[in-house]
Amino acid sequence: MAFRWEQQFAARTAHMSSSAIRELLKVTEQPDFISFAGGLPAPEVFPVAEVAAAAQRILRDAGAQALQYGATEGYRPLRALVAERMTCAGVPASVENVLITTGSQQALDLLGKILVDRGDHVLVDTPTYLAALQAWSVYGAAYVEAPADDQGVRTDALGPLLRARPAFIYCQPNFQNPAGVTLAAERREALVRLAARHGVPIVEDDPYRDLRFEGADLPRLIEHDARLRAAQTHEEQYAGGVSYLSTFSKILAPGLRVGWVVAAPELIGKLVQAKQGADLHTATFNQMLAYELARSGFLERHRETIVREYRARRDAMLAALADSFPEGVTWTHPAGGMFLWVRLPEGLDAEDLLRDAIAQQVAFVPGAPFHPGGGGRNTLRLNFSNSSPETIRVGIARLGEALRTRREAAVSV
Ligand SMILES: Cc1ncc(COP(=O)(O)O)c(C=O)c1O
């Protein structure tokens, strides 16, 4: 008889679930299937040759170090590089402000581990990043949804929510996953001021910042916070309430699993303790690779290639949506990133549509799970980074067909 694991699982695992949608999406692995469901970068832009050359240099010049255990805080030259770049952006940072993590997903998990007590609230704008919810729910987080529109979270409505003292505010300021929305410039400053006034930390999750297709970069929340603090405290090293998370996943390769946090040294110290129990440290070799490619300026040039490619894919998707989707359906126009968000007419359920779409060999992710408080059943996420423009045209036409059929069925009922 099989061992009865069910009875052994800790109570906290009750908050872990694999969704029915994930089961549905297993079929997308078949050949000829067009999937807009995943969140994957384009494999065509992975710089395999440059990574191979850098790996050889590292193994030749510092092979033993690359294969050895390292400090939990991360590879010091990489931390120093991150600190230097943040300092140039106006956030006075030293290595003590930086922790290298195993992807920014680990940073989200570690922040939940050290900041969330069972029953604590996390303030999120919806729809929000599913894997952040997954990470924090295990620690017993509940969610408060802040109202948001196509300019991001509505800061004019935040006061009463902040007075209830959430554990932190979670915010993706640029081309957020899943909706592709960017937080407006004036709201960034307002959000930071409000959070500081109420003594509520902000987790600024910013993996897509470098994937901007048009318009100028907007200041990070941590930059606003540093400026505010400099005016009040004259501090020489950032010690404020914003934790800034970023990653090499989108501009280099997600398989390397190298990300970072910039935050107050006190918070970094606690994160280091939490990380020790998780994985001791992020893979030394991968950190050295990321450092090598970032330091040489290669990544800045490479970013232009990615942006050119993703912009063409976004444009192909926007054009295909305009051609193929029936009236009454709306979608976001992201200025960067990897996703856009579709709103179906009220009463149409994206999960029902997914079943029809799968029969047509095309898939997406229904929007409901991105809403921790419920709702969003008539919404869905489309990824454009992982399909060529031609595949996007074919896939969106199939989806448009499925949508038309479902709408007609809904009308005739
Ligand atoms: C909003 C957001 N945060 C964090 C992550 C995690 O990225 P990684 O762990 O690869 O750095 C992702 C990945 O898709 C994301 O979309």
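## Ligand site, salt bridges and backbone features

Asn 177 places a polar side-chain atom 2.9 Å from an oxygen atom of the ligand, a polar contact being a pair of N or O atoms within 3.5 Å; within protein, one atom must be able to donate a hydrogen and the other to accept it, and residues adjacent in sequence count only if both atoms are side-chain atoms. The model is predicted, so that local features need pLDDT of at least 70 and side-chain atom pairs count only at pLDDT 80 or more, while totals for chains, interfaces and linings use all residues. Residues are numbered from 1 along each chain as its sequence is written, and side-chain values use heavy atoms, with hydrogens and water left out.

| Residue | Ligand atom | Distance |
|---|---|---|
| Asn 177 | oxygen | 2.9 Å |
| Asp 205 | nitrogen | 2.6 Å |
| Lys 250 | oxygen | 2.9 Å |

On its own the ligand has 400 Å² of accessible area, and the protein covers 93% of it (Shrake-Rupley method, 1.4 Å probe). Around the ligand stand 14 residues, a residue being near if one of its heavy atoms lies within 4 Å. Ser 104, Asp 205, Tyr 208, Thr 247 and Ser 249 come nearest. By class, the shell comprises four nonpolar, seven polar and three charged residues; Asp, Glu, Lys and Arg count as charged, and Gly is among the polar ones. Helix H4 (residues 103–115) gives the most to this shell, with three residues; helices are DSSP runs (H or I) of at least four residues and strands (E) of at least two, numbered from the N terminus.

The count of salt bridges comes to 20, each defined by a side-chain nitrogen of Lys or Arg within 4 Å of a carboxyl oxygen of Asp or Glu. One of them pairs Arg 187 with Asp 149, with the closest N and O atoms 2.9 Å apart. This pair links distant parts of the chain, 38 residues apart: Arg 187 belongs to helix H7 (residues 185–198) and Asp 149 to strand S5 (residues 148–149).

The backbone contains a cis peptide bond between Asn 177 and Pro 178, with omega about 25°. Pro 178 is placed in the loop between strand S7 (168–171) and H7. Phe 175 also lies in the loop between S7 and H7, and has a positive phi of about 45° although it is not a glycine. Another cis peptide bond joins Thr 126 and Pro 127, where omega is about 0°; Pro 127 lies in the loop between strand S3 (121–125) and helix H5 (130–137).
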